[in-house]
Amino acid sequence: MPAGAHAPAAVVRAPSGPATPRGAIAWLPTLQAKGRNALAAQHLRWREPQAKPSTLHLLLLDTSGSMRQGGRLARAKGYAANVLEQAARAGDHVALLCFGGQGVEVLVPPGPARRAAAVRVQQRGGGGGTPLAQAMAAADNLMAQHRRVRGTSASAASTVLWLLTDGRTLEQPRAPLGADQLVVVDFEDAKVRVGRCADWAARWGAEYRQGA
């Protein structure tokens, strides 16, 4: 929740018929309903559970030719599948962009995370160049579209952008505009490291992780 924001007041529901537990017991209304009587099920008042805004995890997976060397792409796909599975367990939303010799492709459009998405990642091939700047622009468009579709609820949810790459490109893309958090996962494992992923993370104020 943004700093300074106030949580919405909890809704207290009186039971209609047999009491069905929903959320936590609202003790003050319960005691008021009980009065001087012994506590019984019909006195219980429940606080409605507040819906948790779903985080959008947007993954940018580098499928270029350099990622096919040394098993980098296989490790990156495994990393992406793990993020997707964790998002599914948390009830979050996910999207997946792949960028390589075939350009930029939305492999998984924004929506509730499903474990089946991890299977689609594993089936993805690779090769060709690294259109990273194009992928970043596509990510910005996808995040803006996601906010429009979800309406006002999107303002309360956060967006995490995951960039999975070995950094083997001469492009110097700007940081994406719509992400609340950015994670750069570096799969460069050559003996002579270029180190572009670490540089991007420092310049963008992103979290840097080593995936190799």
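## A nonpolar surface patch

Leu31 is partly exposed, since its relative accessible area of 45% falls between the limit of under 20% for buried residues and that of over 50% for exposed ones. In this predicted model, Leu31 belongs to helix α1, which covers residues 27-34. Together with Trp27 and Leu39, Leu31 makes a nonpolar surface patch of about 320 Å².

## The mixed sheet

An open sheet is built from 6 strands in the order β5-β4-β3-β6-β7-β8, and the pairing within this sheet is mixed. Its edge strands are β5, residues 103-112, and β8, residues 207-210, each of which pairs on one side only. From one strand to the next, the twist averages 15°. Strands of a sheet pair through backbone hydrogen bonds, in either the parallel or the antiparallel sense.

Strand β6, residues 159-165, and strand β7, residues 181-186, pair in the parallel sense over 6 bridges. Within this pairing, Leu161 has Leu182 of β7 as its bridge partner, while Trp162 stands opposite Val183 of β7. Strand β7 also runs parallel to β8, to which 4 bridges join it, and here Asp186 stands opposite Gln210 in β8. How many of the 6 residues of β7 are buried? The count is 5 of the 6, so β7 is largely enclosed by the rest of the structure.

## Aromatic pairs

A pair of aromatic rings is described by the distance of the centres and the angle of the planes. With ring centres required to lie within 6.5 Å, the count comes to 3 aromatic pairs. The rings of Trp200 and Trp204 have their centres 6.0 Å apart and their planes at 10°, and because planes under 30 degrees apart count as stacked, this pair is stacked.

Trp200 and Trp204 both lie in helix α5, residues 196-204, and because they are 4 residues apart there, about one helical turn separates them. Are these two side chains' residues, Trp200 and Trp204, buried or exposed? Trp200 counts as buried because its relative accessibility is 1%, and Trp204, at 13% relative accessibility, counts as buried as well, the limit being under 20%.

One aromatic cluster is formed by Tyr79, Trp162 and Phe187.

Definitions and conventions: Residues are numbered from 1 along each chain as its sequence is written. This is a predicted model: local features need pLDDT of at least 70, side-chain atom pairs count only at pLDDT 80 or more; totals for chains, interfaces and linings use all residues. Side-chain values use heavy atoms; hydrogens and water are left out. Patches are made of residues with over 30% relative accessible area and no salt bridge: like charges are joined within 9 Å, nonpolar side chains (Val, Leu, Ile, Met, Phe, Trp, Tyr) within 5 Å. Accessible areas come from the Shrake-Rupley method with a 1.4 Å probe; for residues, only the protein chains shown count as cover. A salt bridge is a side-chain nitrogen of Lys or Arg within 4 Å of a carboxyl oxygen of Asp or Glu. Helices (H or I, at least four residues) and strands (E, at least two) are DSSP runs, numbered from the N terminus. Buried means under 20% relative accessible area, exposed over 50%, partly exposed in between (1.4 Å probe, protein chains only). Rings of Phe, Tyr and Trp (its six-membered ring) pair if their centres lie within 6.5 Å; planes under 30 degrees apart count as stacked, over 60 as edge-to-face and the rest as tilted. Two strands pair if DSSP finds at least two bridges between them. Axes are lines fitted to C-alpha atoms, for helices over the stretch in contact, and angles run from 0 to 180 degrees between N-to-C directions.
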